[in-house]
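I opened this entry to look up two things.

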Amino acid sequence: MIEHMETIDEFLAHRTADVERAVREAAATEIMPRFRQLAAHEIDQKSGPHDLVTDADRKAEQYLTEVLGKLLPGSVVVGEEAVHANPATYEALQGEAPVWIVDPVDGTRQFVHGDTGFCTLVALARHGVVLASWTYAPARDQLAVAVRGRGALLDGERLLAGAPDPGRDLEVATSHPDYTTDDQKRALLGLRTEGVSPRPCGSAGLEYLAIARGELDAVAFSWEAAWDHAAGLLLVEEAGGTHLTLAGEPFRITGGNTLPFTAARDAATARRVLDLLSGGA
């Protein structure tokens, strides 16, 4: 068991390239050979027709679980597919051990349909604080890395979210209606107003990357699954952006958030989106 944060700091100072290599290898070995090659028996539904899982998801998560655990002895892995099989696995986010949070294929629906808009998400957290993240879009060969306090990079270039241009409509990606309660639907309706252009989100990880690149102004999401948000929220923070829940507090990966929440390019945009969500609630 790792006892001191300094040990993790040392890991992040010297081993981030090893994590990057693991993420790339998982995609090269288990994901990309199946891209646009999936057979019907390799695709299953979980909660519904928009919640898909494939052999690529399962195999890539298994690969990453084995490799990441070895890279950082004493760490544990919370992966989307492992939690689906055993929900108690999610409780590791509340524990003492460093936690790898893994979404092997974020945007599985896009992956199944042969669209390049999917990615692999890995984050390292402890005590509910995300310390580092890796967002890899293998079909686009893009890799974004963020380390808390050290900034965010896309393919080695610094990411700066900036601020929206004055007078331009805010572009906001929102949750799919299938994943919202009636109250959340009412809150999201607050974004249907002059000066805002809402649209349904794609891969959450790639939407966060778009914010960090200054290509999207904000997201408004209504679900808490840490594997969808941990990597991207750190990416946004380290690019200069921020995130707030409907209660006006930063989003917590350990759960218990007041939803919906927003992540945005800057604090002013986050507050504006939050005000609109509050008005619609």
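I began with the UniProt annotation "binding site", from an unreviewed entry, which covers Glu80, Asp103, Asp106 and Asp228. UniProt positions are given in the numbering used here, feature names are shortened, and annotations may be inferred rather than shown by experiment. The four spread over 149 residues of sequence, yet they cluster in space, with a largest C-alpha distance of 9.6 Å.

I noted the basis. This is a predicted model, where local features need pLDDT of at least 70, side-chain atom pairs count only at pLDDT 80 or more, and totals for chains, interfaces and linings use all residues. Residues are numbered from 1 along each chain as its sequence is written, and side-chain values use heavy atoms, with hydrogens and water left out.

I looked up glutamate 80 next. It sits in helix H4 (residues 80-85); helices are DSSP runs of H or I, at least four residues, and strands are runs of E, at least two, numbered from the N terminus. Glutamate 80 is buried at 15% relative accessible area (buried is under 20%, 1.4 Å probe, protein chains only).

Aspartate 106 belongs to strand E4 (residues 99-106). I find it buried, because its relative accessibility is 4%. Beyond four places in sequence, its contacts (heavy atoms within 4.5 Å) include Phe118, Ser203 and Asp228.

Then the cores: sets of buried Ala, Val, Leu, Ile, Met, Phe, Trp, Tyr and Cys residues joined through side-chain atoms within 4.5 Å. The largest has 45 residues, and Phe221 and Tyr208 are among those touching the most other members. Helix H8 (residues 226-238) gives this core its largest share, eight residues. I also logged a second, separate core of 31 residues, including Val19 and Phe111.

Key:
Buried < 20%, exposed > 50% of the residue type's maximum accessible area, 1.4 Å probe, protein only.
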